[in-house]
Amino acid sequence: MDRPQPLTEALFYILLVARRPVHGYGITQEVAELTGGRVNLGPGTLYGAISSLLDKGWIALYSAEEGSRKKKEYVITPAGRAVFAGEMARLRELVENGNLMEDRA
């Protein structure tokens with residue numbers, strides 16, 4: 001079985017924020033707030049990532065305002081939750097191993 005590739009920061013944060021229905025602008029705002037402004041998702045990055053996540057089935061369209069391209073809300077799917085959980089486990093392992101090696105130094 002192939003090992004999943006690590007998530008980019010953009011994908012990680014979109015999956016994190018989409019645990020409840022959220023629109024694109026809300027994703028951008030919440031990610032900026034969570035990261036103290038370190039991660040700013042520009043429109044190209046955001047909507048490219050959303051398109052990729054939709055194609056992979058990791059998020060789904062939750063609702064869309066009739067006749068508007070802008071009023072779409074997205075939510076994480078069970079497949080997206082599984083991918084996110086795997087990434088969290090991978091990141092925990094990295095931190096634990098880093099701490100272990102720091103303690104040995």
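## The residue after helix 3

In this predicted model, Gly-57 has a positive phi of about 80 degrees.

## Helix 3

Helix 3 covers residues 43–56, which makes 14 residues. At 1.5 Å a residue, helix 3 should span 20 Å, and the distance between its end C-alpha atoms is 20 Å, so the two values agree.

Which residues of helix 3 are buried? They are Leu-46, Ala-49, Ile-50 and Leu-53. Because these residues cover an arc of only 100 degrees around the axis, they lie on the same side of helix 3. Pro-43, Gly-44 and Asp-55 are exposed, on the other side of the helix.

Strands of a sheet pair through backbone hydrogen bonds, and the pairing is either parallel or antiparallel. Here three strands form an open sheet with antiparallel pairing, in the order 1-3-2. Strand 1 (22–23) and strand 2 are the edge strands, since each of them pairs on one side only.

Five bridges join strand 2 and strand 3 in the antiparallel sense. Ala-60 has Val-75, in strand 3, as its bridge partner.

## Helix 3 against the sheet

Which strands does helix 3 touch where it packs on the sheet? Helix 3 touches strand 2 and strand 3. The direction of helix 3 makes about 110 degrees with that of strand 2.

Key. Residues numbered from 1 in each chain as written. Predicted model: local features only at pLDDT ≥ 70, side-chain atom pairs only at ≥ 80, totals over all residues. Heavy atoms only, no water. Helix = DSSP H or I, 4+ residues; strand = E, 2+ residues; numbered from the N terminus. Expected span 1.5 Å × (residues − 1). Buried < 20%, exposed > 50% of the residue type's maximum accessible area, 1.4 Å probe, protein only. Arc of directions from axis to C-beta. Pairing = 2+ DSSP bridges. Contact = heavy atoms within 4.5 Å. Axes fitted to C-alpha atoms, helices over the stretch in contact; angles between N-to-C directions.
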